[in-house]
Amino acid sequence: MTYAIQCQNLTKTFQQRVAVNNLTLSIRRGTIFGFLGPNGSGKSTTIRMLCGLLLPTSGSGTVLGFDVTTESEEIKQRIGYMSQKFSLYEDLTVEENLQFYAGIYGISGARLEERKAELIAMAGLEGREKQLAGSLSGGWKQRLALSCALLHQPELLILDEPTAGVDPVSRRVFWEVIHRLAKEGMTVLVSTHYMDEAETCDEIGFIFFGNLLAKGSPRELIAQMDAANLEDVFIALVRQAESGDNRVSPGEKGRIQ
Ligand SMILES: Nc1ncnc2c1ncn2[C@@H]1O[C@H](COP(=O)(O)OP(=O)(O)O)[C@@H](O)[C@H]1O
Ligand SMILES: [Mg+2]
């Protein structure tokens with residue numbers, strides 16, 4: 001299987017509002033795909049459909065070869081997912097959070113001990129095992145949440161704005177971990193607002209009010225748009241979309257961050 005994720009004309013409508021419009025996308029295995037777009041563009045909605053958490057209104061898709069509409073349980077077991085909302089138990093310790101998620105994935109005994117040790121080392125959480133998750137800073141919390149999402153050794157990691165509001169040093173460390181995982185063969189789909197993070201992805205998809213405006217490697221996109229950098233690419237894409245798309249009223253337009 002060449003692609004970890006494939007979707008065709010994936011669409012989600014909430015009441016009358018189209019949140020994701022005919023999204024067609026393929027993400028190769030072992031690559032990092034960055035999903036960019038202003039707030040309200042449909043990143044989380046797309047991610048939730050791909051995780052099997054939300055049924056598409058129309059269109060189709062497979063994740064790790066499983067159908068997003070009919071095989072969502074198979075998908076959930078095989079992916080690691082970090083939602084945009086904080087997913088840890090603040091009144092449990094670092095170790096207890098890992099044990100709680102291990103329980104969900106049915107991991108126990110020697111395997112649990114092994115995975116716990118590996119993930120605590122990966123996240124640099126040694127010495128903090130007994131600390132309450134609620135007392136960790138934002139960067140540490142994100143690394144613990146990532147460890148919880150990786151407990152069952154998923155083939156695909158889906159991260160919804162994992163570094164929003166995290167300090168720059170922690171963001172850098174977090175991304176070092178992501179790149180290491182991809183080198184080891186993991187596929188990563190990550191939504192972000194940060195251009196410096198997007199620049200390190202193998203491919204980027206830029207979504208604007210439900211529509212995928214462009215997709216390619218950062219270098220390809222910069223060359224295609226004859227731009228100086230990624231930020232200029234996205235500003236140009238948004239201007240194009242705004243001048244050609246009268247479905248979006250000015251009050252609804254998002255902001256590129
Ligand atoms: N459960 C829902 N019910 C109704 N509207 C929703 C729901 N989830 C998302 N939306 C709407 O869909 C659009 C896309 O939202 P979202 O996918 O969260 O965007 P992003 O993650 O890019 O910020 C927004 O207009 C949002 O208000
Ligand atoms: Mg979102």
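1. Strand 4 (residues 58-63) and strand 5 (residues 66-67) pair in the antiparallel sense over 2 bridges, where strands are DSSP runs of E with at least two residues, helices are DSSP runs of H or I with at least four residues, and both are numbered from the N terminus. Two strands count as paired if DSSP finds at least two bridges between them. Phe66 is the bridge partner of Val63, and Asp67 is the bridge partner of Thr62. The two strands form a hairpin with 2 residues between them, and Leu64 in the turn has a positive phi of about 50°.

2. The model is predicted, so local features need pLDDT of at least 70 and side-chain atom pairs count only at pLDDT 80 or more, whereas totals for chains, interfaces and linings use all residues. Residues are numbered from 1 along each chain as its sequence is written, while chains are lettered from A and ligands numbered from 1 in the order in which they are written.

3. Strand 4 also pairs with strand 1 (residues 3-14), in the antiparallel sense and over 5 bridges, and Gln8 stands opposite Ser60 of strand 4. The open sheet of 4 strands has the order 2-1-4-5, with antiparallel pairing. Strand 2 (17-28) and strand 5 stand at its edges with a single partner strand each, so one side of each is left without a neighbour in the sheet.

4. How many residues of helix 1 (residues 43-50) are buried? The count is 8 of the 8, so helix 1 is largely enclosed by the rest of the structure; a residue is called buried if 20 or more other C-beta atoms, placed from the backbone, lie within 10 Å of its own. Helix 1 is followed by Gly52, whose phi is positive, near 80°.

5. Helix 1 also gives the most to the shell around ligand 1, with 3 residues. Among the residues around ligand 1 are Phe14, Ala19, Asn39, Lys43, Ser44 and Thr45, a residue being near a molecule if its C-beta atom, placed from the backbone, lies within 6 Å of it. By class, the shell has 2 nonpolar, 7 polar and 1 charged residues.

6. The axes of helix 4 (residues 109-123) and helix 5 (residues 138-150) come within 10 Å and cross at roughly 145°, where axes are lines fitted to C-alpha atoms over the stretch in contact and angles run from 0 to 180 degrees between N-to-C directions. Leu119, Met122 and Ala123 of helix 4 make the contact with Arg143, Leu144, Leu146, Ser147 and Leu150 of helix 5, contact meaning that C-beta atoms, placed from the backbone, lie within 7 Å.

How values were computed
A residue is buried if 20 or more other C-beta atoms lie within 10 Å of its own, exposed if 12 or fewer, and partly exposed in between; C-beta atoms are placed from the backbone. Ala, Val, Leu, Ile, Met, Phe, Trp, Tyr, Cys and Pro count as nonpolar, Asp, Glu, Lys and Arg as charged, and the others, Gly among them, as polar. Two residues are in contact if their C-beta atoms, placed from the backbone, lie within 7 Å.
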